Amino acid sequence: MTQENKQTRMAQALSERAHDLLISLNFAQQQIGYIHTFDISYGENIAQRTMLEVEIAAAAKRHESSTSHHKYIAKASKHLHSVIEDAIAKQLNDLDNIYHEVIGIQDSVPAILDILAVRSASVGRLEPLVNDLSWLGRELVSLVNLPQYRKKNSKGTSIKVDTPALALRYLGLENLQMVIPTMAMRHWMPHATEPFGLMKRKMRELSMSTAIAAKELAPFFGVKEQHAFTLGMLLELGKIALVRLYLRTFEKVWQAKVQIARDKKQKDLHTALMELSPDPLFLRNLLIEHSADITRKLIEKMELRYLPFNAVMEEYTQTYLPNSHKTIADPLPLTQVMQKAYGYAQMLVLKDSQLIEDDETEILLSHLGLSEEMRQQLAKCAFHNLQLTIL
């Protein structure tokens, strides 16, 4: 196996591990065979009394019953997820529903992103569109009223901003190019991701890290920083859609199956169903297999006129799958930025959870084709906030 093939295989494995981490830290640890130290026995075993024959027989019977019960639960889960898979496949064909209902993308958001991309952009053009989005207006006002951004008058008293129009002027166009995409993605994130409690936070971290890394890498490829940051932030749109779809569909299908089992007095099935919860492996595979293509379709549906994202997403989607061996002979500069930024962001979230070794990090960075200069530039960055400069 060539060195290049080894790097590719390692990069694929690390990408899958990063997807595991989105589900939960515990799930990611299980997938790589992580052993909890408190499960390891050191020294001699503590002496135990010998079991009586009747106890041995009872234990064997309980084990047999438990094994049978778990097999039944697994069978019920397989059937349930077969129905869920079909239901999700049908819903994925209805892009309008995913766009407007599942995620809730309002037309004013792509319009604002487009305005921010042109030289003729002005706060005056943005104001009526922001006024149509009450949530965005509230977010902007809250942001500029944070202690670190508040202006002070001649007496040293903090000035409170109370309207979106003032907030827009206060932030300025350069800041808004980062703030608006960030707030939009935050608004579209699932409100709750139980039983995967940390998933929303991890997705936000990955989006932020990808966008910031893309902005820093953009000058190396002659790409506009705003283009790179915006597309980097939007790369997780497909995951947002799939997480929302899966959790909603699971709940709907599960409730229907429980009701049928109850009505038909199928006690064993009802008991098994009551023990089921959303399957982390099913969701993880769903994200790996479909998220990039859904992101591509959703971005196309935004019909952005001044942000050149469609051709980039066509290329990016072809090489996204961890098991994909496709390569683009001469990828667009922005495609290269996205590939490198996303890979770097995955490395950051893995490192934050101590799920990547130093040698694995080096292999991944080499595979991504990050030069020493690029690495040094990225190493200077803060990836958890926007580092806004407000004059």
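So, the second largest pocket lies between domain 1 (1–33 + 76–104 + 198–390) and domain 2 (106–188), because both give residues to its lining; those bounds come from an automatic or database domain assignment. Keep in mind that this is a predicted model, where local features need pLDDT of at least 70 and side-chain atom pairs pLDDT 80 or more, while totals for chains, interfaces and linings use all residues. Numbering runs from 1 along each chain as its sequence is written, and side-chain values use heavy atoms, leaving out hydrogens and water.

A pocket here is an open set of points on a 1 Å grid over the protein atoms alone, where a 1.4 Å probe fits, with protein on both sides within 12 Å along at least five of seven lines; lining residues have an atom within 4 Å of a point. This one holds about 360 Å³ of space, counted as the space filled by probe spheres set on the points. It has 17 lining residues, and E174, M178, K215, E225 and L386 are the closest to its centre. Helix 9 (173–188), helix 10 (199–217) and helix 11 (225–234) each give two or more residues, and helix 9 gives the most, with four. Helices are DSSP runs of H or I, at least four residues, numbered from the N terminus.

Now over to helix 14. Its 22 residues, 280–301, should span 32 Å at 1.5 Å a residue, and the end C-alpha atoms are 29 Å apart, which agrees; the expected span is 1.5 Å times one less than the number of residues. Just after helix 14, E303 takes a positive phi of about 50°.
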